Amino acid sequence: MSNQTIRFQSCFGMLLALLAWPQPQVVAQSLNLPEPTQIYQLSTPQQLTIPPQQLGEILPAPVSQAVTNEQDLLAPPQFQTVITRELPELWQMRVPIDKVGSLYATYELRAENGQNNGFSSNYRSDKTMRVVVEPLPIIEISRDENTNTALVQGGARLQFDLANVGIAGGYRGVITVTVNQH
């Protein structure tokens with residue numbers, strides 16, 4: 001049906017994250033998209049910057065613990081290894097009203113270095129971060145009875161896996177959105 005590419009840039013500065021205030025576990029980003037005017041026209045941002053990680057996303061909830069020995073004192077800190085971002089308004093499309101229920105979207109993520117399912121470092125293209133993309137439900141946001149069309153929007157939940165990230169800093173990737181019918 002339609003295929004659109006979106007560039008993502010994500011900043012993952014660990015030092016910056018440790019200096020920031022706590023934020024909610026899931027962060028949603030609202031976008032201002034131009035409303036599509038033609039049937040099956042897909043509207044997406046051409047470039048999207050995902051906000052940097054915040055302290056509350058990386059560190060678990062504060063826990064009071066007693067240090068009983070040197071091993072406890074030297075134990076590495078515990079960090080959240082999966083950070084979630086929701087982009088519920090990633091794209092919009094105008095479709096015939098009778099097709100609204102039969103739509104589904106697929107998302108293909110590719111790092112700037114060409115690897116699938118991740119982002120690559122802005123500084124070292126050989127370093128990547130695994131990213132899982134989960135489609136969010138497609139919702140109808142308006143109808144035009146005169147043209148018998150509906151405006152629908154969809155999005156995705158991105159889960160960044162920080163467990164094996166070897167370098168701090170910004171990461172980039174390209175996501176391709178494809179909207180089809182069952």
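A residue counts as buried when its relative accessible area is under 20%, as exposed when that area is over 50%, and as partly exposed in between. Keep these cut-offs at hand. The model is predicted.

**Exercise 1. Classify Phe160 and Phe119, then describe how their rings pair.**

Step 1. Take Phe160. Its relative accessible area is 0%. That is under 20%, so Phe160 is buried.

Step 2. Take Phe119. Its relative accessibility is also 0%, so Phe119 is buried.

Step 3. Look at the rings. A pair of aromatic rings is described by the distance of the centres and the angle of the planes.

Step 4. Name the geometry. Planes under 30 degrees apart count as stacked, over 60 as edge-to-face and the rest as tilted.

Step 5. Phe119 belongs to strand β7 and Phe160 to strand β10, so the pair ties together parts 41 residues apart in sequence.

**Exercise 2. Trace how strand β8 pairs with β7 and with β10.**

Step 1. Start with β7 (residues 118-121) and β8 (residues 128-135). They run antiparallel and are joined by 3 bridges. One partner pair is Ser120 and Thr128.

Step 2. β7 and β8 make a hairpin, with 6 residues between them.

Step 3. Move to β10 (residues 149-161). It pairs with β8 over 6 bridges, again in the antiparallel sense. Here Val132 has Gln159 as its bridge partner in β10.

**Exercise 3. Which residues of the largest nonpolar core touch the most other members, and which element gives the largest share?**

Step 1. The core has 28 residues, and Leu90, Trp91, Tyr107, Phe160 and Val179 touch the most other members.

Step 2. List the contributing elements. Those that give two or more residues are β4 (47-50), β5 (82-96), β6 (103-111), β8, β10 and β11 (169-181).

Step 3. β5 supplies it, with 6 residues.

**Exercise 4. Examine the salt bridge of Glu35 with Arg94 and that of Arg157 with Glu134.**

Step 1. Side chains of opposite charge can pair when their charged atoms come close. The structure holds 7 salt bridges.

Step 2. Take Glu35 and Arg94. Their N to O distance is 2.7 Å. Glu35 sits in the loop between β2 and β3, and Arg94 in strand β5, 59 residues apart.

Step 3. Classify both ends. Glu35 has 49% relative accessibility, so Glu35 is partly exposed. Arg94 has 10%, so Arg94 is buried.

Step 4. Take Arg157 and Glu134. Their closest N and O atoms are 3.0 Å apart. Arg157 lies in β10 and Glu134 in β8, so this pair ties together parts 23 residues apart in sequence.

Step 5. Classify again. Arg157, at 23%, is partly exposed. Glu134, at 27%, is partly exposed.

Step 6. Salt bridges with shared partners join Glu86, Glu134 and Arg157 into one network.

**Exercise 5. Is Leu73 buried or exposed, and which surface patch does it belong to?**

Step 1. Locate Leu73. It lies in helix α3 (residues 70-74).

Step 2. Apply the cut-off. Its relative accessible area is 60%, which is over 50%, so Leu73 is exposed.

Step 3. Val67, Leu73 and Leu74 form a nonpolar surface patch, with about 330 Å² of accessible area together.

Methods
Residues are numbered from 1 along each chain as its sequence is written. This is a predicted model: local features need pLDDT of at least 70, side-chain atom pairs count only at pLDDT 80 or more; totals for chains, interfaces and linings use all residues. Side-chain values use heavy atoms; hydrogens and water are left out. Two strands pair if DSSP finds at least two bridges between them. Helices (H or I, at least four residues) and strands (E, at least two) are DSSP runs, numbered from the N terminus. Patches are made of residues with over 30% relative accessible area and no salt bridge: like charges are joined within 9 Å, nonpolar side chains (Val, Leu, Ile, Met, Phe, Trp, Tyr) within 5 Å. Accessible areas come from the Shrake-Rupley method with a 1.4 Å probe; for residues, only the protein chains shown count as cover. A salt bridge is a side-chain nitrogen of Lys or Arg within 4 Å of a carboxyl oxygen of Asp or Glu. Buried means under 20% relative accessible area, exposed over 50%, partly exposed in between (1.4 Å probe, protein chains only). Rings of Phe, Tyr and Trp (its six-membered ring) pair if their centres lie within 6.5 Å; planes under 30 degrees apart count as stacked, over 60 as edge-to-face and the rest as tilted. A nonpolar core is a set of buried Ala, Val, Leu, Ile, Met, Phe, Trp, Tyr and Cys residues joined through side-chain atoms within 4.5 Å.
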